[in-house]
Amino acid sequence: MTEPLLSVRDLSVSFDTRKGVVEAVRGVSFDLGREKLGIVGESGSGKSQTGRALLRLTAPPGRVAAKTMTFDGIDLLNAPGRQLRDLRGGRISMVMQDPKYSLNPVMTVGRQISEAYRAHAKASKAVAKTKALEMLEAVRIRDPERVYRAYPHEVSGGMGQRIMIAMMLITDPDLLIADEPTSALDVTVQLQVLAILDDLVSQRGMGLIFISHDLNLVASFCDRILVMYGGQVMEELAASELHNAQHPYTRGLLNCLPQIDARHVDLPVLTRDPAWLL
Amino acid sequence: MIDIQDLNVVFSSGADRVHAVKDVTCRIAAGESFGLVGESGSGKSTVLRALCGLATGWGGRVTVDGEALEPTAQRSDAFYKTVQMVFQDPYGSLHPRHTVNRILSEPIAIQGLDKPGSRVEEALEQVGLGHGFRFRFPHQLSGGQRQRVAIARALILKPKILLLDEPTSALDVSVQAEVLNLLMRLREELSLTFVLVSHDLAVVSHICDRIAVMRNGEVVEEVTADALAQGDPSERYTRQLLVASKGYDRAAIDQFEDFG
């Protein structure tokens with residue numbers, strides 16, 4: 001077996017608060033190859049903090065600790081700031097939930113994408129522009145020239161998220177971390193954006209970490225799933241095996257979803273067992 | 001119970017004119033639960049807002065429990081005793097500096113009803129919150145508990161109709177299940193009429209008997225939840241929504257049409 005792209009052992013993220021130390025992530029371990037890994041959990045399960053910790057983007061006063069956290073042989077935990085800045089957006093990219101907050105409102109879309117490219121590749125403005133237009137076309141934006149000149153408020157949410165994906169993939173990263181990239185979108189748009197992401201990830205042979213609260217979506221989109229609760233991984237399983245999930249938490253999450261074709265029965269309510277968090 | 005005929009809602013005028021709701025007609029019988037489903041901007045919430053006076057200046061005829069409504073923000077006291085609304089965001093719809101007790105007492109004071117204390121206790125009981133919650137502030141409650149308080153506030157005047165605008169979309173799925181169960185139980189116990197607005201086909205078909213699918217301000221079709229469960233709505237748009245709600249399927253996505 002080849003060396004995994006990303007290897008994480010015993011990752012923990014803790015915050016010192018007035019009421020004591022809050023451990024948002026506790027002892028999370030996983031390996032990632034060139035595949036789609038889903039991290040699922042409810043709010044407060046630590047799934048986003050896990051994603052942020054990988055890029056060392058944990059907001060102060062949060063502290064990150066781990067036995068190992070390596071990306072392609074680079075120790076992410078002790079990498080100097082300069083090396084991290086090269087990695088971020090270069091070899092590891094991140095797409096956040098809401099394009100409204102991740103795009104700069106006073107800069108045209110095109111300038112932002114070209115800037116992302118020029119920050120990592122030595123290229124002239126003209127080359128960057130051609131690359132940006134190509135990328136906008138790759139995320140299936142119909143009129144790339146117009147969108148290139150547009151400001152973020154002039155595009156819809158679905159298009160904004162495609163622009164984010166274009167910006168994150170233009171540097172040809174090896175790993176993309178997508179934190180609820182489509183939760184703010186309508187269902188059909190959501191799936192179309194995911195299809196674009198799926199195609200690009202498989203064409204370029206990237207690794208993808210897909211963070212979401214939507215168990216069914218993750219199961220149908222990813223290859224492998226980590227189910228998180230209370231900062232810990234409850235269960236790791238192949239996406240196709242979701243319906244044979246063993247852990248009561250995973251089962252509980254699955255059962256409490258309303259189904260279109262099974263109506264008017266009381267939904268089973270998830271009961272949480274404190275013993276899960278040992 | 002609710003009779004809406006040719007409802008039209010237009011916001012602003014000139015270049016910014018938005019025709020948010022176009023000729024929507026529907027009849028909802030007493031005790032029924034009716035769903036409005038659609039993507040963002042389809043006008044589903046605006047229909048509810050026109051009913052309860054939050055959107056004004058609409059055209060058409062709307063009758064609720066025998067009372068013809070005016071397209072203004074004015075509603076009679078009796079209207080609020082019949083119709084109450086629950087909003088999407090329990091973080092935004094409760095006053096952050098009022099206790100649960102004060103939030104629940106306000107409708108009683110406005111309507112000049114007696115025995116506020118016991119009414120508050122009763123409403124909290126109904127939504128499954130003990131009296132230990134009565135003197136808490138919203139920030140001391142979880143999202144699910146806040147939504148229960150919002151439901152209690154709607155129930156405190158013993159209305160016949162509840163208007164529910166995405167009541168569970170800000171909640172985690174496990175909490176959503178609890179709130180949906182609560183709504184189903186209350187409807188049974190208090191024989192309420194529900195109008196539920198949601199973007200989530202599964203939630204709407206869980207709660208409702210009859211569902212109107214909206215797109216661009218128009219009702220595309222009306223289906224029963226049973227027809228939806230069997231998976232054969234007649235409109236292509238509804239079928240596409242149904243496919244989309246089943247999860248990611250690369251092949252199906254290429255078939256998606258843009259309904260504009």
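Which elements of chain B have the lowest and the highest mean pLDDT? Colour the model, which is a predicted one, by confidence and select chain B: helix 10 (residues 250–254) of chain B has the lowest mean pLDDT among the elements of that chain, at 86, while strand 7 (residues 161–165) of chain B has the highest, at 95. For chain B as a whole the mean pLDDT is 91, with 100% of its residues at 70 or more, and the model scores ipTM 0.82 and pTM 0.87.

**The sheet of chain B**

Stay with chain B and select its open sheet of six strands, which is ordered 6-7-8-3-9-10 and has mixed pairing. At the edges you will find strand 6 (83–86) and strand 10 (218–224) of chain B, each of which has a single partner strand, so one side of each is left without a neighbour in the sheet. Looking across the sheet, neighbouring strands are turned by 20° against each other on average, direction ignored.

Now go to strand 6 and strand 7 of chain B, which pair in the parallel sense over four bridges; here V86(B) has L164(B), in strand 7 of chain B, as its bridge partner. For another helix, select helix 9 (residues 236–244) of chain B, which lies across strand 9 (210–215) and strand 10 of chain B and runs at about 65° to strand 10 of chain B.

**Where the chains meet**

Next, show both chains and select the contact between them, to which chain A gives 28 residues and chain B gives 28 residues. On the side of chain A that touches chain B, the elements giving two or more residues are helix 8 (187–204), helix 9 (215–221) and helix 10 (248–255) of chain A, and the largest share, seven residues, comes from helix 8 of chain A. By class, this side of chain A has 14 nonpolar, eight polar and six charged residues.

**Inside chain A**

Select strand 7 (residues 92–95) of chain A, from which I92(A) and M94(A) point one way and S93(A) and V95(A) the other way, all of them buried. This strand pairs in the parallel sense with strand 8 (residues 175–179) of chain A over four bridges, and the bridge partner of S93(A) in strand 8 of chain A is L176(A).

Finally, centre on S45(A), in the loop between strand 3 (36–40) and helix 1 (47–54) of chain A. Why does S45(A) count as buried? It has 24 other C-beta atoms within 10 Å, and the cut-off for a buried residue is 20 or more. Leaving aside neighbours within four places in sequence, S45(A) is in contact with M228(A), Y229(A), G230(A) and G231(A).

Technical notes: Residues are numbered from 1 along each chain as its sequence is written. Chains are lettered from A and ligands numbered from 1 in the order in which they are written. This is a predicted model: local features need pLDDT of at least 70, side-chain atom pairs count only at pLDDT 80 or more; totals for chains, interfaces and linings use all residues. pLDDT is the predictor's confidence in each residue, from 0 to 100. Two residues are in contact if their C-beta atoms, placed from the backbone, lie within 7 Å. Ala, Val, Leu, Ile, Met, Phe, Trp, Tyr, Cys and Pro count as nonpolar, Asp, Glu, Lys and Arg as charged, and the others, Gly among them, as polar. A residue is buried if 20 or more other C-beta atoms lie within 10 Å of its own, exposed if 12 or fewer, and partly exposed in between; C-beta atoms are placed from the backbone. Two strands pair if DSSP finds at least two bridges between them. Axes are lines fitted to C-alpha atoms, for helices over the stretch in contact, and angles run from 0 to 180 degrees between N-to-C directions.
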